[in-house]
Amino acid sequence: AQIMERFGPFFLKLQITPEKVEMLCEALLKRQETKEDLTTIQREKVLLPSDNALNTHKRASESEFAEAVASVLGAENVQRLLNYERTLPARDYVARVSGIASVSGIPLSRERSEEIAAVITNASKRYKAGGIASLSDVDWEAVEAELSKSLTPLQVRLFRSVDVADGQSRWMPQLVQSIKATNKKRAPSGR
């Protein structure tokens with residue numbers, strides 16, 4: 001179910017048949033299970049992330065996944081799926097905000113939700129560097145400034161007031177920075 005929630009917009013955008021969706025869900029699930037198995041093995045055997053055997057299995061799993069995706073979507077769409085996957089933290093965040101907006105009587109359209117996810121993703125330093133978008137390194141002031149151009153005042157207010165991130169609060173970097181500044185002020189001089 002979680003795979004459909006997270007990848008459903010991608011499947012819709014490509015207008016994939018239900019049979020192909022099922023095949024992609026199986027490939028995504030198999031890859032996730034393999035990642036979890038390898039993480040368990042790494043932890044139990046106290047292996048370093050640089051372990052050759054571990055990395056050989058990781059590469060084989062990713063190669064198998066890419067082949068499965070290519071067989072369903074064509075080779076040209078493998079990178080498209082991987083790029084979509086890099087945006088998932090922002091998309092998950094927006095999905096939660098959209099749920100709150102909907103029950104608050106300030107709904108966000110699918111198009112508007114896509115726009116918000118794109119703005120958040122593009123404001124992530126890790127995403128810009130080629131990694132997976134991270135809510136902890138997003139320039140939230142820039143996000144709010146950009147979104148205030150297209151959202152209604154009520155939607156902007158809602159967006160500013162909710163924090164629905166699982167473990168990656170949009171306010172966490174500000175809190176950490178504030179704590180560091182306070183500790184620095186409290187530290188005796190000369191240290």
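Hi everyone, let me begin with a count: there are nine salt bridges in this structure. Keep in mind that the model is a predicted one.

Let me walk you through some of those pairs. Arg 31 and Glu 62 bring their side chains together in a salt bridge, at 3.4 Å from N to O. Arg 31 sits in helix α2 and Glu 62 in helix α3, so this pair ties together parts that are 31 residues apart in sequence. Are these two partners buried or exposed? Arg 31 is buried, with 6% relative accessible area, while Glu 62 is partly exposed at 31%.

A further pair is Arg 91 with Glu 114, whose side chains form a salt bridge at 3.0 Å, N to O. This one also connects distant parts of the chain: Arg 91 belongs to helix α5, residues 88-103, and Glu 114 to helix α6, residues 110-122, which puts them 23 residues apart. Glu 114 comes out as partly exposed, with a relative accessible area of 26%.

Then we have Asp 137 and Arg 126, with their closest N and O atoms 3.8 Å apart. Asp 137 is in the loop between α7 and α8, Arg 126 is in helix α7, and eleven residues separate them. Asp 137 counts as buried at 14% relative accessibility, and Arg 126 as partly exposed at 46%. Some salt bridges share partners, and through them Arg 31, Glu 62 and Glu 85 form one network.

Since Glu 62 took us to α3, let's stay on that helix for a moment. α3 runs over residues 52-73, and its 22 residues reach 31 Å from first C-alpha to last, close to the expected 32 Å. Which residues of α3 are buried? They are Leu 54, Asn 55, Ser 61, Phe 65, Val 69, Val 72 and Leu 73. These residues cover an arc of only 120° around the axis, which means that they lie on the same side of α3. As a reminder, an α-helix has 3.6 residues a turn, so residues three or four places apart point the same way. On the face turned away from the buried side, you will find the exposed residues Asn 52, Arg 59, Glu 67 and Ser 71.

What do the buried residues of α3 pack against? Their partners are α1 (2-14), α2 (18-44) and α4 (78-86). Have a look at the two ends as well. At the start of α3, a side-chain oxygen of Asp 51 comes to within 3.2 Å of the backbone nitrogen of Ala 53. After the helix comes Gly 74, with a positive phi near 95°.

Now for the nonpolar cores. The largest has 22 residues, and those touching the most other members are Tyr 93, Ile 116, Ile 120, Trp 140, Val 143, Leu 147 and Phe 159. Two or more residues come from each of α5, α6, α8 and α9, and α5 gives the largest share, five residues. Take Ile 120 as an example: beyond its neighbours within four places in sequence, it contacts Ala 90, Tyr 93, Val 94, Leu 135, Val 138, Trp 140, Val 143 and Phe 159. Apart from this core lies another, of 18 residues, including Ile 16, Val 21, Cys 25 and Ala 27.

One last stop is Thr 121, in helix α6. Thr 121 is buried, at 3% relative accessible area. Leaving out residues up to four places away in sequence, Thr 121 touches Thr 87, Ala 90, Tyr 127 and Ala 133.

How values were computed
Residues are numbered from 1 along each chain as its sequence is written. This is a predicted model: local features need pLDDT of at least 70, side-chain atom pairs count only at pLDDT 80 or more; totals for chains, interfaces and linings use all residues. Side-chain values use heavy atoms; hydrogens and water are left out. Helices (H or I, at least four residues) and strands (E, at least two) are DSSP runs, numbered from the N terminus. The expected span of a helix is 1.5 Å times one less than its number of residues. Buried means under 20% relative accessible area, exposed over 50%, partly exposed in between (1.4 Å probe, protein chains only). The arc is that of the directions from the helix axis to the C-beta atoms. Contact means heavy atoms within 4.5 Å. A polar contact is a pair of N or O atoms within 3.5 Å; within protein, one must be able to donate a hydrogen and the other to accept it, and residues adjacent in sequence count only if both atoms are side-chain atoms. A salt bridge is a side-chain nitrogen of Lys or Arg within 4 Å of a carboxyl oxygen of Asp or Glu. A nonpolar core is a set of buried Ala, Val, Leu, Ile, Met, Phe, Trp, Tyr and Cys residues joined through side-chain atoms within 4.5 Å.
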